[in-house]
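Please look over the sequence and the structure before reading on.

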Amino acid sequence: MLRTTPRRPRATIASTAVLTAVIGATAFVLAGCGIAGPGTVSTVGKVAFETPLAIPPLAESTVDADGTRVFSLEARAGTTEFAPGVASETWGFDGSYLGPTLVADRGERVRVDVANALDESTTVHWHGMHLPPEMDGGPHQMVEPGGTWSPEWAIDQPATTLWYHPHPHGETESHVARGLAGMFLLHDEAERALGLPSEYGVDDLPVIVQDAGFSADGRKEDTQRGYAGGLGDELLVNGTRGPFVEVSDELVRLRLLNASTARSYAFAWGDGRPVELIGTDGGLLEASASLDHVRLSPGERAEVLLRVAPGERVVLQSRMTPEIAALDGPVAVMNGGTDEFDVLEVRAAEQLDPSPAPPATLVDVPDLDPSEVAADRRFVLGDSFEINGHAMEMGRIDETVTVGTLERWTVVNDTSLPHSFHVHDVQFRIASIDGQAPPPELAGWKDTIFADPETEYELLMRFEDYADPDTPYMYHCHLLWHEDQGMMGQFAVVEPGQRATMTEETDHDHH
Ligand SMILES: [Cu+2]
């Protein structure tokens with residue numbers, strides 16, 4: 001934990017006025033929703049790294065007579081001690097905070113028996129998974145208190161790091177912030193052949209990063225709200241404050257997941273060594289990319305390799321800058337754009353097991369052919385939490401897609417502030433960013449992108465396998481407060497010539 005825990009003062013009327021003046025046209029975003037944090041947060045050099053990193057347990061499973069791998073998850077309320085002896089009220093799956101890690105192989109059929117032991121309705125969405133819309137766990141698959149839900153589907157996508165979290169319309173931010181999230185790892189033969197670090201919790205580490213606010217005595221509390229949503233001034237990794245992890249292999253794989261509700265990170269190593277990126281949201285890259293930092297907005301994942309020397313200690317940091325954050329001046333200062341964090345200390349043992357270097361070429365990531373595009377769609381992210389001029393309505397299908405076709409979705413952030421864009425069901429490829437080819441870290445499979453202000457992204461995606469005119473998938477900003485406010489839309493995937501038949505009225509009362 002922090003050696004010193006300075007409390008951030010409450011934002012003043014003056015700082016709100018500055019922010020309002022600078023944001024100008026989007027100032028109403030803040031109306032009635034509290035105010036932005038007051039200044040730069042830096043925990044660099046102040047984190048003692050005294051607590052062993054918690055590793056979420058692997059979820060147990062059984063295999064049915066028909067070969068289906070069956071997991072169970074129970075969403076429940078509990079208490080968690082983020083500081084010894086100080087209980088915070090939290091939610092978790094099968095525990096009090098976060099949830100177990102599910103693991104499955106490409107080609108397997110899986111079922112998850114989800115039980116809701118909370119006293120309010122929630123959902124469990126399988127973020128990044130290709131699956132039928134009824135199994136997706138979006139806002140149309142609510143699980144009532146005391147209720148159960150048993151989605152099942154076949155795993156058919158490349159090895160990667162996915163995750164699961166609630167998606168109840170209007171309440172996603174609060175359900176995730178209370179602790180409902182976990183990882184879902186997929187493996188396949190192509191990945192196994194590479195000999196990458198793959199011993200879970202040993203040389204293959206889940207790194208679930210969340211920001212949080214704490215009282216002086218260590219009780220988790222609500223965070224202060226910036227334009228993006230609540231920003232905490234400390235970090236948790238797998239629910240651990242001030243974590244260290246001991247490793248005994250030369251090569252370590254970290255699966256970074258930004259499970260924060262609003263904060264983006266610029267992950268980098270404390271000693272300035274490059275970040276070796278091997279995978280993004282939907283799979284491994286063709287070849288590793290050596291980067292100064294890896295930027296992750298909420299919901300995004302990155303797999304990175306770290307080679308350690310005997311006895312060394314390496315600190316994972318997040319060093320955000322206004323340029324990386326795409327925020328300017330006082331708005332950057334008040335919205336996390338200048339914040340720096342010590343995230344996790346990796347401690348190498350004095351004796352390390354040797355690890356071979358991975359091959360230069362990892363996996364085949366075939367291009368999607370733009371000449372096959374069957375439909376072009378345009379999604380303009382606008383002010384007041386709108387996409388294409390309107391807020392999410394549970395009873396309105398915004399787009400109807402024909403199954404089996406390739407589409408090009410042009411996403412335009414038409415605002416002066418960053419947003420993000422996440423599409424359910426598919427992994428997509430970024431064809432261009434303002435007309436330019438994407439950098440290596442954005443050239444692989446993605447399901448969520450940071451959307452820079454005044455920037456246009458062309459995404460190519462193929463909608464395969466699952467047509468259902470009655471149940472839509474979602475696309476939305478993954479800044480969860482924005483999503484809750486309605487920065488989301490719905491698309492149905494149908495057979496050729498079929499029409500979507502959504503009739504459900506909205507039952508969400510926007511606040
Ligand atoms: Cu947004």
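## Terms and basis

Two strands are said to pair if DSSP finds at least two bridges between them. Strands (E, at least two residues) and helices (H or I, at least four) are DSSP runs, numbered from the N terminus. Strands of a sheet pair through backbone hydrogen bonds, either parallel or antiparallel.

The model is predicted: local features need pLDDT of at least 70 and side-chain atom pairs count only at pLDDT 80 or more, while totals for chains, interfaces and linings use all residues. Residues are numbered from 1 along each chain as its sequence is written.

## Annotation and domains

The unreviewed UniProt entry carries the annotation "domain: Plastocyanin-like" for residues 77–190 and 382–494. UniProt positions are given in the numbering used here, feature names are shortened, and annotations may be inferred rather than shown by experiment. Residues 77–190 are 7% helix and 41% strand, with end C-alpha atoms 39 Å apart. For residues 382–494 the content is 5% helix and 44% strand, and the end C-alpha atoms lie 28 Å apart.

The chain is divided into domain 1 (13–50 + 201–353), domain 2 (56–190) and domain 3 (370–494); these bounds come from an automatic or database domain assignment.

## Contact between domain 1 and domain 3

Taken over C-alpha atoms, the centres of domain 1 and domain 3 are 25 Å apart. Their contact takes 24 residues from domain 1 and 23 residues from domain 3, where two residues are in contact if their C-beta atoms, placed from the backbone, lie within 7 Å.

On the side of domain 1 that touches domain 3, at least two residues come from each of β21 (275–280), β22 (283–291) and β23 (294–296). The strand that gives the most is β22, with four residues. By class, this side of domain 1 has 12 nonpolar, nine polar and three charged residues. Here Ala, Val, Leu, Ile, Met, Phe, Trp, Tyr, Cys and Pro count as nonpolar, Asp, Glu, Lys and Arg as charged, and the others, Gly among them, as polar.

## A five-stranded sheet

Five strands form an open sheet with mixed pairing, in the order β29-β36-β35-β31-β33. At its edges stand β29 (399–402) and β33 (448–451), each with a single partner strand, so one side of each has no neighbour in the sheet. From one strand to the next, the twist averages 25 degrees; axes are lines fitted to C-alpha atoms, for helices over the stretch in contact, and angles run from 0 to 180 degrees between N-to-C directions.

A residue is buried if 20 or more other C-beta atoms, placed from the backbone, lie within 10 Å of its own, exposed if 12 or fewer, and partly exposed in between.

## Individual residues

F93 is found in strand β4 (residues 86–93). This residue counts as buried because it has 27 C-beta neighbours inside 10 Å. Leaving out residues up to four places away in sequence, F93 touches L73, E74, A75, G99, P100, L180 and G182.

Most residues other than glycine have a negative phi. L98, in the loop between β4 and β5 (102–105), has a positive phi of about 60 degrees. L98 is buried, since it has 27 C-beta neighbours inside 10 Å. E454 also has a positive phi, near 50 degrees, and lies in the loop between β33 and β34 (455–463). With 13 other C-beta atoms within 10 Å, E454 is partly exposed.

M129 belongs to the loop between β7 (125–127) and β8 (148–149). With 28 other C-beta atoms within 10 Å, M129 is buried.
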